[in-house]
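Could you look over this one with me? My notes are below, in the order I would read them with the viewer open.

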Amino acid sequence: MNQEQPAVINLEAPGQAKVVHNFNSGPSILPKEVFEEASRSVVDFNHTGLSILEIGHRTRLFQDIMDEARMLMKQLMQLDEEHEVMFLHGGASTQFFQVPMNLLHANASAAYTDTGIWASKAIKEAKLFGNVEVVCSSKDKNYTFLPKEFTVDTSSSYLHITTNNTVYGTQWQDFSIFHNKHVPLVADMSSDILSRNIDYNKFDLIYAGAQKNIGAAGVNIVVVNKSCLEKSGREIPTMLDYRNHIEAGSLLNTPPVFAVYVCLLTLRWLKKIGGVSEAEKRNNEKAALLYHTIDILPIFKGTVAKEDRSKMNACFIMEDVRLEKEFLSLCEQEGMIGVKGHRTVGGFRISMYNALSMESVQAICHLMNYFAGQKT
Ligand SMILES: Cc1ncc(COP(=O)(O)O)c(C=O)c1O
């Protein structure tokens with residue numbers, strides 16, 4: 001990278017949209033063609049003369065959207081017949097209590113891994129429904145690594161993990177340590193679903209807010225192995241019982257129609273580019289470049305154990321807080337959005353979800369090189 005180059009790389013042509021690089025952690029970047037198609041459909045959906053915002057959810061038009069969205073989720077995740085896909089309301093946070101409500105057997109325990117803010121929120125909610133065993137935690141090290149030595153009581157109703165810890169930038173790479181615990185596996189995949197090829201069938205329940213890799217905020221996706229339902233022995237309110245949503249094909253009541261539609265467009269895009277394998281390849285390349293840049297520039301310092309680094313959210317700091325402020329203003333000036341780290345980590349967080357291009361990662365790396373060149 002040529003450090004002599006001027007930092008200004010974002011000159012706008014008059015009348016053109018401002019060029020930005022969106023590293024937001026969620027809601028976050030989606031493919032441009034999704035925005036274009038979604039905005040056309042707000043005015044006229046599929047030449048029907050109707051806006052997508054005014055079609056009934058019981059119409060054939062919407063039924064087709066829901067059917068295709070669920071089918072594409074199954075296809076892209078290569079799910080078997082046992083696994084069902086639901087599009088539900090309430091964001092991933094609703095799953096923090098809906099999961100134990102449906103799966104935590106009366107008089108049994110659920111095992112939870114405490115690997116970040118979202119995991120700890122899930123633990124808090126599960127405790128409302130029964131016994132919770134926190135089997136490992138990295139809280140005392142500010143969640144900078146993933147704890148791998150732990151045991152799980154085989155009588156547990158399930159083991160809950162967060163596959164990617166959005167705030168701290170850690171991501172589980174090897175799932176065999178969970179599979180060999182021989183209890184149903186539940187995963188919050190909000191920030192890395194569909195970003196890499198894993199055997200999704202080995203999970204009994206997966207949930208994810210859509211607003212990172214799947215689509216617009218306002219809907220979350222739940223994938224469940226039907227055989228793990230029926231067991232909690234608890235009375236569950238109609239809208240919170242997964243079985244009712246499965247039976248109704250995610251149309252138990254009015255679904256978030258537009259949010260589901262944006263998911264469909266994003267899933268079509270993912271299929272078109274080559275599916276999860278192609279997304280994984282691109283995500284590996286983006287993460288490799290960014291972490292390489294962090295590692296070769298002494299001014300920056302990664303915050304988590306290298307083996308646990310997330311390919312979705314990279315967190316790093318600088319020793320000198322004044323320099324951090326200066327770098328952040330430079331990012332702002334150059335149209336780099338969402339670079340500031342979470343308040344509990346400080347520094348910077350670069351989110352690299354599926355729709356983020358390599359060009360955006362190159363642009364931030366270029367700026368990091370330029371800044372380091374100025375300061376050292
Ligand atoms: C891993 C993880 N779980 C859960 C949530 C909460 O999602 P929601 O805001 O949809 O409730 C988030 C939000 O960023 C997240 O990153």
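The points below go from the overall fold to single residues.

1. Ground rules first. This is a predicted model, in which local features need pLDDT of at least 70 and side-chain atom pairs count only at pLDDT 80 or more, while totals for chains, interfaces and linings use all residues. Residues are numbered from 1 along each chain as its sequence is written.

2. Overall build. The chain carries 10 helices and 14 strands (DSSP runs numbered from the N terminus: H or I over at least four residues for helices, E over at least two for strands). Its radius of gyration is 22 Å against the 21 Å that the globule rule gives for 376 residues, so the chain is as compact as a globular protein of that length. That radius is taken over C-alpha atoms, and the rule is 2.2 Å times the number of residues to the power 0.38. Along the principal axes, the C-alpha atoms fill a box of roughly 65 × 60 × 30 Å.

3. Of the 376 residues, 45% count as buried; the cut-off is 20 or more other C-beta atoms within 10 Å of the residue's own, with 12 or fewer for exposed, partly exposed in between, and C-beta atoms placed from the backbone. Among contacts with a separation of 6 or more, 70% come from residues 24 or more positions apart. A contact here is a pair of C-beta atoms, placed from the backbone, within 7 Å.

4. Two domains. The assignment gives domain 1 (36-273) and domain 2 (275-375), with bounds that come from an automatic or database domain assignment. Their C-alpha centres lie 27 Å apart, and 22 residues of domain 1 are in contact with 24 residues of domain 2. On the domain 1 side, strand 7 (170-171) and helix 7 (257-273) each supply at least two residues, and helix 7 gives the most, with three. That side has eight nonpolar, 10 polar and four charged residues. The classes are Ala, Val, Leu, Ile, Met, Phe, Trp, Tyr, Cys and Pro as nonpolar, Asp, Glu, Lys and Arg as charged, and the others, Gly among them, as polar.

5. The core. Which residues touch the most other members of the largest nonpolar core? They are Leu 205, Ile 206, Ile 221, Val 260 and Cys 263, out of 104 residues. Such a core is a set of buried Ala, Val, Leu, Ile, Met, Phe, Trp, Tyr and Cys residues joined through C-beta atoms within 7 Å. Helix 7 gives the most to this core, with nine residues. Both domain 1 and domain 2 give residues to the core, so it lies between them.

6. Not counting residues up to four places away in sequence, Val 260 touches Ile 65, Met 66, Ala 69, Phe 87, Val 219 and Pro 255. Val 262 is also in helix 7 and counts as buried, with 26 C-beta neighbours inside 10 Å. Leaving aside neighbours within four places, Val 262 is in contact with Val 34, Ala 38, Gly 215 and Ala 216.

7. The ligand shell. The residues around the ligand include Gly 26, Trp 118, Thr 162, Asp 188 and Gly 209, where the C-beta atom, placed from the backbone, must lie within 6 Å of the molecule. Helix 3 (residues 91-103) provides the largest share of this shell, three residues. By class, the shell divides into two nonpolar, eight polar and one charged.

8. Backbone points to check. Gly 26 and Pro 27 are joined by a cis peptide bond, with omega about -5 degrees; Pro 27 sits in the loop between strand 1 (21-22) and helix 1 (32-43). Tyr 143 is not a glycine but has a positive phi of about 60 degrees, and this residue is buried, with 26 other C-beta atoms within 10 Å. Leu 194 likewise has a positive phi, about 65 degrees, in the loop between strand 8 (185-188) and strand 9 (205-209).

9. Asn 283 is in helix 8 (residues 275-296) and is buried, with 21 other C-beta atoms within 10 Å. Asn 283 and Met 352 are 69 residues apart along the chain, yet their C-alpha atoms are separated by 7.3 Å.

Definitions and conventions: Contact = placed C-beta atoms within 7 Å.
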